[in-house]
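Good morning, colleagues. Please look at the structure on the screen while I describe how its chains meet.

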Amino acid sequence: MAIYHLKTPISEEEIRKLKVNDVIFITGTIVTARDQAHRRALEYAKQGKNLPINLDGLALFHCGPVVKKEGEKWIAVAAGPTTSTRMDIFEDEFIKNFKVRVVIGKGGMGKKTTDAMAKYGAVYGAFTGGAAILAAKAIKSIKSVEWLDLGTPEAMWIFEVEDFGPLAVAIDSHGNNLFLDVQKKVEENRQKIYEKLGLSS
Amino acid sequence: MEIEKIVENVAFNILKQAVIYLPEDVKQALKKAYDEETSETGRTQLKAILDNIELAEKYQAPICQDTGTIIFYIKAGSEVKGLEKIEKALINATRKATKQVPLRPNAVDPFTQKNSGDNTGRLIPFINWEIVPGNSLELTVMTKGGGSENVCVTGMLVPGEGINGLKRFVVEAVIKAGSKPCPPNILGVAIGGGADISMKLAKKALLRPLNEPNPDAEIAKLEKEILEAVNMTGIGPMGLGGKTTVLGVNIDYAYRHPASFPAAVAFNCWAARRASARINADGIIEYLTHKKKAGEVI
């Protein structure tokens with residue numbers, strides 16, 4: 001387990017060094033997108049329209065923050081990750097089109113996303129679910145917000161962050177997926193549990 | 001003061017308490033889990049959780065950005081006057097808390113996908129009523145996260161299999177849920193009644209503190225047995241592996257139809273947010289889960 005401090009834009013070379021179980025902290029720009037923003041971003045790509053921000057080398061954050069507005073300024077009050085599997089249906093295309101290098105969320109992602117991360121050079125950084133203040137304190141400012149018509153949780157928030165983490169590298173760019181490994185072990189443990197409970201399988 | 005105003009103030013206070021301060025029993029269970037966890041990645045996750053709990057208290061900010069769907073449980077004394085005004089008071093408190101705490105607006109019209117922006121909408125906040133003897137009013141709020149809600153399950157078991165069927169049902173629910181409900185979780189488990197009744201009881205069982213086993217010794221034993229079994233899965237904190245997958249199992253039941261064996265498992269994330277207060281006839285307010293002075297807005 002190694003610890004890395006990365007600055008955006010992050011290069012493919014830096015990403016390829018990372019292995020599952022490493023811990024990373026990110027400084028620079030991270031951009032939120034949940035279900036609706038993913039869907040819209042991919043529609044934009046299909047129509048050849050540019051996104052409000054160039055995501056190349058940045059980190060994508062599965063997050064619908066609690067925000068408040070003070071005057072003209074938005075402040076992130078709480079900003080933990082949301083469940084990433086919901087974005088599995090979009091993420092391979094998203095990585096391919098927009099070249100994000102780190103996808104931050106909770107709960108992990110599936111085979112299709114893992115393959116895309118290996119192909120295009122990206123990692124999945126698991127942020128502790130619910131640790132919303134830990135996240136909010138690393139957000140130094142909200143640079144802007146796009147697509148607010150989707151509602152505040154689903155809008156695209158552009159955060160300037162400092163040492164955002166700890167993020168556990170749970171999918172690396174070499175095809176390793178910590179969540180799928182744990183799932184495999186859980187399957188193996190099922191029999192032992194059934195035996196302990198006196199259940200037939 | 002008018003009952004409507006008192007209820008609004010108290011409901012606002014418990015909402016604020018719930019989203020910022022975890023109940024003491026949950027905090028203690030998480031600390032114990034951190035001390036006992038052997039997986040390095042699992043410990044990193046539990047450390048982040050404990051740090052986050054402290055930061056939320058320090059900055060008076062919600063523990064998690066998903067401040068949940070707001071559910072009230074009301075124990076209304078049959079002699080309390082003005083009960084018809086309570087619903088409106090709870091809606092007002094929800095709107096006020098959404099703005100002032102603040103909470104994330106989490107009420108979406110399922111047909112138009114429009115977010116109401118203030119955590120209210122048809123049947124939301126949801127209010128569970130119970131009429132009890134007496135002249136006091138007890139308010140409990142649960143702010144229920146979406147990630148853990150998405151893995152709640154109901155099922156119809158085979159009556160002939162008895163409790164073994166339930167054990168299998170719970171183990172499979174936990175395995176299937178995996179990392180999604182932000183483990184370590186609390187499980188509310190219920191059997192009997194009917195499809196709706198079992199889930200209602202399961203969810204309500206999440207309100208019971210972790211240090212209070214079931215008063216029925218046999219059921220308490222079953223709670224412990226299931227707890228130990230699901231912690232053998234190895235899912236661990238946040239599904240990254242480890243021995244803490246579930247912090248506690250709370251079971252409740254109703255009698256069942258001879259042909260039916262309804263079962264339900266309600267998941268709560270580690271951020272198991274709940275708070276209660278009692279409004280007495282003399283106007284004295286007792287905060288039951290969060291020991292603050294009466295009327296003090298924390």
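Between chain A and chain B there are 2 salt bridges, a salt bridge being a side-chain nitrogen of Lys or Arg within 4 Å of a carboxyl oxygen of Asp or Glu. In one salt bridge, the side chain of A:Lys196 meets that of B:Glu228 at 3.5 Å, N to O.

A word on the basis of these values. This is a predicted model, in which local features need pLDDT of at least 70 and side-chain atom pairs count only at pLDDT 80 or more, whereas totals for chains, interfaces and linings use all residues. Side-chain values use heavy atoms, without hydrogens and water, residues are numbered from 1 along each chain as its sequence is written, and chains are lettered from A and ligands numbered from 1 in the order in which they are written.

Now the interface as a whole. In total, 46 residues of chain A are in contact with 43 residues of chain B, contact meaning heavy atoms within 4.5 Å. About 3700 Å² is buried between the two chains, and carbon and sulfur atoms give 65% of that area. Buried area here is the accessible area (1.4 Å probe) that two parts lose on being put together, summed over both. On the side of chain A, the residues that lose the most area to chain B are A:Ile133, A:Ile193 and A:Leu197, together 15% of what that side buries.

Which residues lose the most area in chain A? To repeat, they are A:Ile133, A:Ile193 and A:Leu197. Thank you.
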